[in-house]
Amino acid sequence: MNKKELDITYFLSFCIEQYKMKQGLSGEETISLFEKYNVLSYLSDNFEVLHTQSQQWLMEEIKEYITKQKKAN
């Protein structure tokens, strides 16, 4: 795994843990939600921009992204 891939992996782990705590979800619930709405792909594909944002902003961005995905489905 190269450095960028490792950075993205750490970023995804951070987002999962922070979202889980913020929403009061279990790890399994969070992963299920992220898989259902392709959140990990979104975060990974937009890593360059997203990883520079604050934790609070990221949590709102993820919440908004999931809401948009729910409406689209």
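Is Phe-34 buried or exposed? At 1% relative accessibility, Phe-34 counts as buried, because the cut-off for buried is under 20%. Before going on, please keep in mind that this is a predicted model.

Phe-11 belongs to helix α1 and Phe-47 to helix α4, which covers residues 47-50, and 36 residues separate the two in the chain. Both Phe-11 and Phe-47 are buried.

Phe-34 itself pairs with Tyr-19. That pair is tilted, with 5.4 Å from centre to centre and 55 degrees between the planes. Tyr-19 sits in helix α1 and Phe-34 in helix α2, residues 27-36, so the pair ties together parts that are 15 residues apart in sequence. Tyr-19 is buried as well, with a relative accessible area of 4%.

Next, the charged side chains. How many salt bridges does a search of the whole structure find? The search finds four. Among them is the bridge between Asp-7 and Lys-3, at 3.0 Å from N to O. These two are four residues apart in helix α1, which means about one helical turn lies between them. Lys-3 is exposed, at 62% relative accessible area, while Asp-7 is partly exposed, at 28%.

Another bridge, between Lys-4 and Glu-48, has an N to O distance of 3.2 Å. This one links distant parts of the chain: Lys-4 is in helix α1, Glu-48 is in helix α4, and they are 44 residues apart. Both ends are partly exposed, Lys-4 at 45% and Glu-48 at 48%.

Glu-17 and Lys-20 also form a salt bridge, with their closest N and O atoms 3.2 Å apart. Both lie in helix α1, three residues apart, or about one turn of the helix.

Now a charged residue without a partner. Glu-61, in helix α5, residues 55-72, is buried and has no salt bridge. Its nearest side chain of opposite charge is Lys-68, 6.3 Å away.

Last, the surface. Met-1, Leu-6 and Tyr-10 make a nonpolar patch of about 370 Å². Met-1 comes in the segment before α1, and Met-1 counts as exposed at 71% relative accessibility.

Notes. Residues are numbered from 1 along each chain as its sequence is written. This is a predicted model: local features need pLDDT of at least 70, side-chain atom pairs count only at pLDDT 80 or more; totals for chains, interfaces and linings use all residues. Side-chain values use heavy atoms; hydrogens and water are left out. Patches are made of residues with over 30% relative accessible area and no salt bridge: like charges are joined within 9 Å, nonpolar side chains (Val, Leu, Ile, Met, Phe, Trp, Tyr) within 5 Å. Accessible areas come from the Shrake-Rupley method with a 1.4 Å probe; for residues, only the protein chains shown count as cover. Buried means under 20% relative accessible area, exposed over 50%, partly exposed in between (1.4 Å probe, protein chains only). Lys and Arg count as positive and Asp and Glu as negative; His and the chain ends are not counted. Rings of Phe, Tyr and Trp (its six-membered ring) pair if their centres lie within 6.5 Å; planes under 30 degrees apart count as stacked, over 60 as edge-to-face and the rest as tilted.
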